[in-house]
Amino acid sequence: MSKDYTAYFNQLQNQIQRMGKETPGVMKGIGQMHQSALANGALSTSTKELIALGIGIAVRCEGCITLHVYDALKAGATREEIVETVGVAVLMGGGPSLVYGSQALEALDQFENPQG
């Protein structure tokens with residue numbers, strides 16, 4: 001049975017909101033850093049989301065993978081760009097990244113086709 005990445009994305013969003021209520025100063029700082037780091041500059045936001053996705057795969061963070069696949073699509077990254085990012089992450093992270101990379105592809109499929 002595959003994971004429901006839309007439900008998992010929503011769960012993560014709820015958990016992040018709770019963290020914001022419990023640790024507002026920390027989350028304000030993280031939010032500012034997130035916004036600044038991912039803003040368009042020499043690299044586009046979509047490129048930065050792809051970098052974040054690759055790192056998430058290489059460090060084996062399922063939540064990061066879910067959030068950054070979603071955000072990469074939202075920022076305009078194409079399926080092909082995401083798939084190539086998964087390939088580079090597997091190169092850099094080896095076998096364990098292959099497992100997490102396959103999860104990224106499953107999330108991509110679900111976010112692109114939410115109805116099935």
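Biologist: How do α1 and α4 pack, in angle and distance?
Modeller: In this predicted model, α1 and α4 pack at an angle of about 105° with their axes 10 Å apart, where axes are lines fitted to C-alpha atoms over the stretch in contact and angles run from 0 to 180 degrees between N-to-C directions. The two helices, α1 and α4, are therefore roughly perpendicular to each other (under 35 degrees is roughly parallel, over 145 roughly antiparallel, 65 to 115 roughly perpendicular, the rest oblique).

Biologist: And which residues make that contact?
Modeller: On the α1 side they are Y5, Y8, F9, L12, Q13 and I16, and on the α4 side E62, G63, T66, L67 and Y70, with contact meaning heavy atoms within 4.5 Å.

Biologist: What about α1 and α5, how do their axes cross?
Modeller: The axes of α1 and helix α5, which covers residues 79-112, come within 9 Å and cross at roughly 95°, and α1 and α5 are therefore roughly perpendicular to each other.

Biologist: Which residues meet there?
Modeller: From α1 there are Y5, T6 and F9, and they meet Q103, E106, A107, Q110 and F111 in α5.

Biologist: Stepping back, how many helices and strands does the chain have?
Modeller: The chain has 5 helices and 0 strands, and from the N terminus on its elements run α-α-α-α-α; helices (H or I, at least four residues) and strands (E, at least two) are DSSP runs numbered from the N terminus.

Biologist: What box do the C-alpha atoms fill?
Modeller: Taken along the principal axes, the C-alpha atoms of the chain fill a box of roughly 40 × 35 × 25 Å.

Biologist: And what is the radius of gyration of the chain?
Modeller: The radius of gyration of the chain is 14 Å, close to the 13 Å that the globule rule gives for 116 residues, so the chain is as compact as a globular protein of that length (the radius is taken over C-alpha atoms, and the rule is 2.2 Å times the number of residues to the power 0.38).

Biologist: What should I keep in mind about numbering and confidence?
Modeller: Residues are numbered from 1 along each chain as its sequence is written, and side-chain values use heavy atoms, with hydrogens and water left out. Because the model is predicted, local features need pLDDT of at least 70 and side-chain atom pairs count only at pLDDT 80 or more, whereas totals for chains, interfaces and linings use all residues.
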